[in-house]
Amino acid sequence: MKKVYLILAAALFAAACPQQAEGQSLKDLFNKKGIEGIVNTVVEQMDIIPENITGHWEYAGTAVKFTGDNMLMNAASELASGQVEEKLDEYLQIIGLKEGAFGYTFNADSTFTTTFNKMEFHGKYTFSPEEDTIELNYGKTGKLKGVSMKTMVSVTPASMQLLFNADKLLEFIGKISSSVGDTRLGTLSSLVEQYDGMKIGFELTRKNE
């Protein structure tokens with residue numbers, strides 16, 4: 001189980017401190033999730049191992065995160081991440097990447113399938129437990145020939161988040177949707193280039209068999 005002591009400590013501190021008139025408390029900076037929600041998130045986080053990601057996962061929405069060790073800078077980036085998330089959601093809806101139309105299946109033999117509008121793209125994945133990442137390789141044939149993507153992963157019993165380097169994900173979206181050169185994709189690319197340390201990706205929910 002991953003131990004996120006910094007987040008838990010900050011959450012407990014936020015609950016103990018009253019909100020100041022001059023500005024927001026730390027509790028507010030955590031998207032107003034509240035102490036219970038934050039603690040539950042920490043408790044539910046599972047190790048990034050094959051047993052915990054094997055199964056069918058359906059797209060539930062976009063995810064944007066700024067990486068780095070500076071908690072205050074990351075908190076200040078929430079407005080920017082919300083802007084990118086809104087634009088990304090808008091674009092993905094247009095090309096048909098939405099709930100019920102996109103998802104992943106991870107198998108115990110290190111193979112996976114990406115589904116998009118009834119199309120299937122197969123590949124193999126490799127774990128890096130030290131980094132909590134997975135390398136997705138789509139192989140040497142098919143529409144995604146040669147595409148390889150590293151994703152940061154977080155998983156709970158019911159949900160999973162995949163976060164990619166923005167340029168790699170935009171390349172993937174362009175290929176999977178045949179929208180390379182699309183002006184909206186270009187606009188989205190220009191938007192994410194404004195921010196350093198940004199990861200963008202997908203929120204997924206586990207599909208019951």
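Does Lys 118 count as exposed or buried, and at what relative accessibility? The legends below describe close-up views of a predicted model, and the opening view takes up this residue.

**View A. The loop between strands S3 and S4 holds Asn 117 and Lys 118, two residues with positive phi.** At 87% relative accessibility, Lys 118 counts as exposed, and its phi is near 70 degrees, a positive value in a residue other than glycine. Asn 117, which lies in the loop between strand S3 (111–116) and strand S4 (119–128), also has a positive phi, near 50 degrees. The relative accessible area of Asn 117 is 40%, so this residue is partly exposed.

**View B. Helix H7 and helix H8 are roughly antiparallel to each other.** The axes of H7 and helix H8 (residues 183–192) come within 10 Å and cross at roughly 175 degrees; because angles over 145 degrees count as roughly antiparallel, the two helices are described in that way. On the H7 side of the contact stand Ala 166, Leu 170 and Gly 174, which meet Leu 185, Leu 188, Ser 189 and Val 192 in H8. The residues of this contact divide into five nonpolar and two polar, with no charged residue among them.

**View C. Helix H7 (residues 166–176) has a set of buried residues and is followed by a residue with positive phi.** Buried in this helix are Ala 166, Leu 169, Leu 170, Phe 172, Ile 173, Gly 174 and Ile 176. After H7 comes Ser 178, whose phi is positive, near 55 degrees.

**View D. Ring pairs link a set of Phe and Tyr residues into a cluster.** The structure holds 13 aromatic pairs. In one of them, the rings of Phe 102 and Tyr 104 have their centres 5.5 Å apart and their planes at 80 degrees, so the pair is edge-to-face; Phe 102 and Tyr 104 are both buried. The cluster comprises Tyr 59, Phe 102, Tyr 104, Phe 106, Phe 112, Phe 116, Tyr 125, Phe 127, Tyr 138, Phe 164, Phe 172 and Phe 202.

**View E. Phe 164 and Phe 202 form an edge-to-face aromatic pair.** The two rings lie 6.1 Å apart, centre to centre, with 65 degrees between the planes. This pair links distant parts of the chain, since Phe 164 belongs to strand S7 (residues 159–165) and Phe 202 to strand S8 (residues 198–206), 38 residues apart. Both Phe 164 and Phe 202 are buried.

Key:
Residues are numbered from 1 along each chain as its sequence is written. This is a predicted model: local features need pLDDT of at least 70, side-chain atom pairs count only at pLDDT 80 or more; totals for chains, interfaces and linings use all residues. Side-chain values use heavy atoms; hydrogens and water are left out. Buried means under 20% relative accessible area, exposed over 50%, partly exposed in between (1.4 Å probe, protein chains only). Helices (H or I, at least four residues) and strands (E, at least two) are DSSP runs, numbered from the N terminus. Axes are lines fitted to C-alpha atoms, for helices over the stretch in contact, and angles run from 0 to 180 degrees between N-to-C directions. Angles under 35 degrees count as roughly parallel, over 145 as roughly antiparallel, 65 to 115 as roughly perpendicular and the rest as oblique. Contact means heavy atoms within 4.5 Å. Ala, Val, Leu, Ile, Met, Phe, Trp, Tyr, Cys and Pro count as nonpolar, Asp, Glu, Lys and Arg as charged, and the others, Gly among them, as polar. Rings of Phe, Tyr and Trp (its six-membered ring) pair if their centres lie within 6.5 Å; planes under 30 degrees apart count as stacked, over 60 as edge-to-face and the rest as tilted.
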